[in-house]
Amino acid sequence: MAKSFWDEFKDLFKTDAEKEEEKRQQINDALEREKEISNQLSALDKEYKDSLPKEEEIDFEKLFPSDSGLKELEYQLDTDDDIAKRAEKENSYSKNKELSGLESKYDKQSSALSESRKKAEQTLGEGYKQLQELYDQLRKRTENDTLKRGLARSSIAATQLGDLDSARLEGMGNLRASYNSSINDIEESIAKLEADRDHALEELDLKYAVELDDRISELKAERDKTAKTYEEYNAKVRKQNNEYAQKREENISKYIKDKEEEKRKAEDAQIKHENKYGYTGAKQENYSKRYDIAYDFYSSLSPDIAADALEASPNMKYYLGAYYNKLLDSLKNKQEGETRVF
């Protein structure tokens, strides 16, 4: 809005500071009023952006898979109790197998000694029987001889029969002595066999007790070695996965940066092109509406502050784009025209 002659006349008597303060206040008032059209321009800006094709969302997972393909190995190791049970089972099997052989060996020897005892008893019985049969034969023969000779009741007959009885008793004694000697030998063999068996069993228990401890230690060492192998492998996998994740982040950052740079260059080229040749199509239509709204508003201001108010605006350069300079030039031309008229 142009100043009246009276207003311009009064300006002649104002100091430069007063004029500057009045201009600054007018610009601030204009900026405050500008908020009304900023909403309209913002709506047009949104309308235009919504009409643009949506940027394709970048599938970073497809371009840069988060999974390196390296997997840690899952494993479950035996506990000390598991190892003890396994070793005891192995130890018990081997021990029982050897114990069975040992028992079988001593059972055979014991059976053989028992059989020898039976044979000794059988031999003694048969010896007694044969001795008795021989005694009966000799006694009958002696009795017959003394009877034929008429000596049946004589001392000779008594002596001969006494000798037979003595020989029978001596023979029985010899048989018993032989039997006792054999039985003593068998009993000694049985006692020695039982002692050897008990000693062998003690040795067997000691042997397998030591082997059990050794086997438990061996299994624990194998487990610890396996655990170390797994952990070393998994540590390498973790390291490689960490390096892969770090490299992936670097690649994504570089990709985004390159894309943004590419977009910026494209936008700069487009802005340069549009500044030179103007907008086209829907964009030209949209920005023309923005220009008209802004033009109407700034044309309503005093020409001597309109251009300054536009330059002071924090939003107009963004909303008007290539039309900004066109509007600014138009306002400055009006300002110069007003100055020339005065």
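The largest pocket holds about 760 Å³ of space. Of its 22 lining residues, Y48, E267, Q270, K283 and Y287 are the closest to its centre. This is a predicted model, in which local features need pLDDT of at least 70 and side-chain atom pairs count only at pLDDT 80 or more, while totals for chains, interfaces and linings use all residues. Residues are numbered from 1 along each chain as its sequence is written, and side-chain values use heavy atoms, with hydrogens and water left out.

**Pocket lining**
- A pocket is an open set of points on a 1 Å grid over the protein atoms alone, where a 1.4 Å probe fits, with protein on both sides within 12 Å along at least five of seven lines; lining residues have an atom within 4 Å of a point.
- At least two lining residues come from each of α2 (16-51), α5 (155-277), α6 (281-299), α8 (316-320) and α9 (323-341).
- Helix α5 gives the largest share, seven residues.

**Residue N286**
- N286 sits in helix α6 and is buried, with a relative accessible area of 5% (buried means under 20%, with a 1.4 Å probe and protein chains only).
- A polar atom of the N286 side chain lies 3.0 Å from the backbone oxygen of L44.
- Leaving aside residues up to four places away in sequence, N286 touches L44, E47 and Y48 (heavy atoms within 4.5 Å).

**Confidence**
- The protein chain has an average pLDDT of 85, and 89% of the residues score at least 70 (pLDDT is the predictor's confidence in each residue, from 0 to 100).
- Mean confidence is highest in α6, at 95, and lowest in helix α1 (residues 5-11), at 52.

Technical notes. Points joined across faces, edges and corners; volume = space filled by probe spheres on them. Helix = DSSP H or I, 4+ residues; strand = E, 2+ residues; numbered from the N terminus. Buried < 20%, exposed > 50% of the residue type's maximum accessible area, 1.4 Å probe, protein only. Polar contact = N/O pair within 3.5 Å; in protein donor to acceptor, adjacent residues only side chain to side chain.
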